[in-house]
Amino acid sequence: MTIRTLRHDAQRREATRQGRIERATARWERLAGRIEWFGIPESAPPRSDLSALREADDDDPRSGSWHCPKLGRAVAYESESELHLIQLLSFAPQIAYYQEQPLAIGYEFDGRPRTYFPDLLVATTDGRCVLVEVKALFEMATAVNVAKYRAMAQLCRERGWGLLVTDGNRTRALLEEHRPDPGLAGLIGPLLEDGTVLGWPHVVAAAGGERPNWMDLAALILSRGWDWRTRPFRLSIGRAAAPAATPGPATPPATAATVAVDQDAAGQDAVVCPTPAEIEAARTPAGGWRRDQLAAWGVPWPPPRGWKQRLTDRSRAARD
């Protein structure tokens, strides 16, 4: 009876695993058909060259980690949608390997340079590479996410990678192809053309007092290039962002004229204080920074949040 029970449990586990593989295979095939390809497809970086450039926020209840049998390690995630997608990648046989938070991409938004870390870099078994970003469908139309999308698209265009923005089932292409209610455009468009910035109550009032369909609204915003902010809700006719910045070249040699040195009152060893331009110029081809370079700047590994701003503040103080 014991042997029979063990065999039954093993068969049940194997059936469960096979079922997950079949479902993951079908789901990835559907998503793969919506990948945007830029130029001639190029292969992904070797798995040994990839690492997470940013840690998940432990204070966020949506964050966590899941042990991936394909990679043989724990994979961090920042939302339930990300968890479901990494599980899909783990069981889909079309996927060779993947890396969470693999790149740092520079872009500009609201006149300020910023850095963004895409969710996943995926290497397929047929030798191609796909950059994957996980977003709720309506969030794909917000101004900041449009700016991030442009930056990711530019990077993929330069490297011959594919780009997939998805909530795990639907993709950004669905918003681009969706035909919103023409009446909604006729109600909201004239107000925006007059330069009015609409809050959520104004949008509801313009739509005849009824809440517009989120799918229609997001698709309309994306197609018209309107500027949509959340928290609080603000909708205007302006463009979402300036053209995306691209990752800089390798670190240039430091010179006495461009490098400031900071030494604290405790008498610790001097630390190089780079300028913001030198920080951006030190990016590797993957878009991040080398561990030894960060160490030379006095930044621990992995780099904590806000490290660039602290370096900038320290550099300014050293020059004053």
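**Ground rules.** I number residues from 1 along each chain as its sequence is written, and side-chain values use heavy atoms, with hydrogens and water left out. Because the model is predicted, local features need pLDDT of at least 70 and side-chain atom pairs count only at pLDDT 80 or more, while totals for chains, interfaces and linings use all residues.

**Entry 1: α1 and α2.** I looked up helix α1 (residues 2-32) and helix α2 (residues 80-91), whose axes come within 8 Å and cross at roughly 105 degrees. Helices are DSSP runs (H or I, at least four residues) and strands are too (E, at least two), numbered from the N terminus. Axes are lines fitted to C-alpha atoms, for helices over the stretch in contact, and angles run from 0 to 180 degrees between N-to-C directions. α1 and α2 are therefore roughly perpendicular to each other. I noted the cut-offs: under 35 degrees is roughly parallel, over 145 roughly antiparallel, 65 to 115 roughly perpendicular, and the rest oblique. Among the residues making the contact are Ile 21 and Trp 28 of α1 and Leu 85 and Leu 88 of α2. Contact means heavy atoms within 4.5 Å.

**Entry 2: α5 and α7.** Next I took helix α5 (residues 182-193) and helix α7 (residues 214-224); their axes come within 11 Å and cross at roughly 60 degrees. That is why α5 and α7 are oblique to each other. On the α5 side I found Leu 184, Ala 185 and Ile 188, and these meet Asp 216, Leu 217, Leu 220 and Arg 224 of α7.

**Entry 3: Arg 54.** Where does Arg 54 sit? I found Arg 54 in the loop between β1 (36-37) and β2 (64-68). Its side chain makes a polar contact of 3.0 Å with the side chain of Glu 78, and another of 3.4 Å with that of Gln 101. A polar contact is a pair of N or O atoms within 3.5 Å; within protein, one must be able to donate a hydrogen and the other to accept it, and residues adjacent in sequence count only if both atoms are side-chain atoms. Leaving aside neighbours within four places in sequence, Arg 54 also has Phe 117 and Arg 305 among its contacts.

**Entry 4: Thr 196.** I finished with Thr 196, in the loop between α5 and α6 (200-206). The side chain of Thr 196 reaches the backbone oxygen of Leu 191 at 3.3 Å. Thr 196 and Ser 236 are 40 residues apart in sequence, yet 6.7 Å apart in space, C-alpha to C-alpha.
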